[in-house]
Amino acid sequence: MTYCVGLLLDAGMVLLSDTRTNAGLDHISSYRKMFSFEVPGERVIAILTAGSLSVTQATLAKLQEAIENPEATPETSILMAPTMLKVAEIVGETLWSVRDANDQRLKTNGQFGAASMIVAGQRKGGRMRMFLIYPEGNFIEATDDTPFLQVGEHKYGKPILDRIVRPETSIEDGEKAVLLSMDSTLRSNLSVGMPLDLAVIRNDECKVGFQRRIEPGDADFRRMSEGWSKALRTSFAKIPLHILA
């Protein structure tokens, strides 16, 4: 299991992923789930992955292979695609083809591999866009009404995003929101785990402006988590109960 989240704000995009991957209780590993592709000043694309590791790794390898192909075209390479919509289409088609090929090989054993991705980015002259790519290759887009997307174990971290995140939310508050969203998930689901990868892409910069790996025991993350727990307990105690028993 995993948890990845992306915010699409007026000021930029905030992205966060965990790194835990498991194939049973006795086989737990850490793998990066956030990847970036960029031509600084011209375009930036970030991809966050969840699901079958074999599917996500093969998909990313095929996307990189298409980028490096001397005969690459705007129809095949995400670094040549004319729009972010086309980028989402290329990623979706690649994800589906990899999943379909895997399923054909595995179905005799009754096994199947599925994966989903968040694709976020901007090209020069275009606006920032963020998409959730489903295992079948189709996708939805983040909007002003719902300016965030999640993949993986998302239910524990969603409430704070629903209450806090708006398009006008600042980058700093966006970082706080995704980190507290992850903190709630870490506390409630052992299949999501550190280290964490945090990245910020500011509007019109067309590059990853900030990136940080948050390791287990990180002092800043621990203080934030403890402060959030204390604030919740204090607020909870102050709320009057008007319902009569």
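This is a predicted model: local features need pLDDT of at least 70, side-chain atom pairs count only at pLDDT 80 or more; totals for chains, interfaces and linings use all residues.

Residues are numbered from 1 along each chain as its sequence is written, and side-chain values use heavy atoms, with hydrogens and water left out.

Across the whole structure, a search finds 17 salt bridges (a side-chain nitrogen of Lys or Arg within 4 Å of a carboxyl oxygen of Asp or Glu).

Select D197 and R32. Their side chains form a salt bridge, 3.4 Å from N to O. D197 belongs to strand β11 (residues 196-202) and R32 to the loop between β4 (28-30) and β5 (34-39), so the pair ties together parts 165 residues apart in sequence. Strands (E, at least two residues) and helices (H or I, at least four) are DSSP runs, numbered from the N terminus. D197 is buried, at 2% relative accessible area, while R32 is partly exposed, at 39%. Buried means under 20%, exposed over 50% and partly exposed in between, with a 1.4 Å probe and protein chains only.

Next, select E75 and K86, a salt bridge whose closest N and O atoms are 2.8 Å apart. E75 is in the loop between α1 (53-68) and α2 (84-106) and K86 in helix α2, so this pair links parts eleven residues apart in sequence. E75 is exposed, at 53%; K86 is buried, at 13%.

Finally, select R223 and D220, with closest N and O atoms 2.4 Å apart in their salt bridge. Both lie in helix α5 (residues 219-238), three residues or about one helical turn apart.
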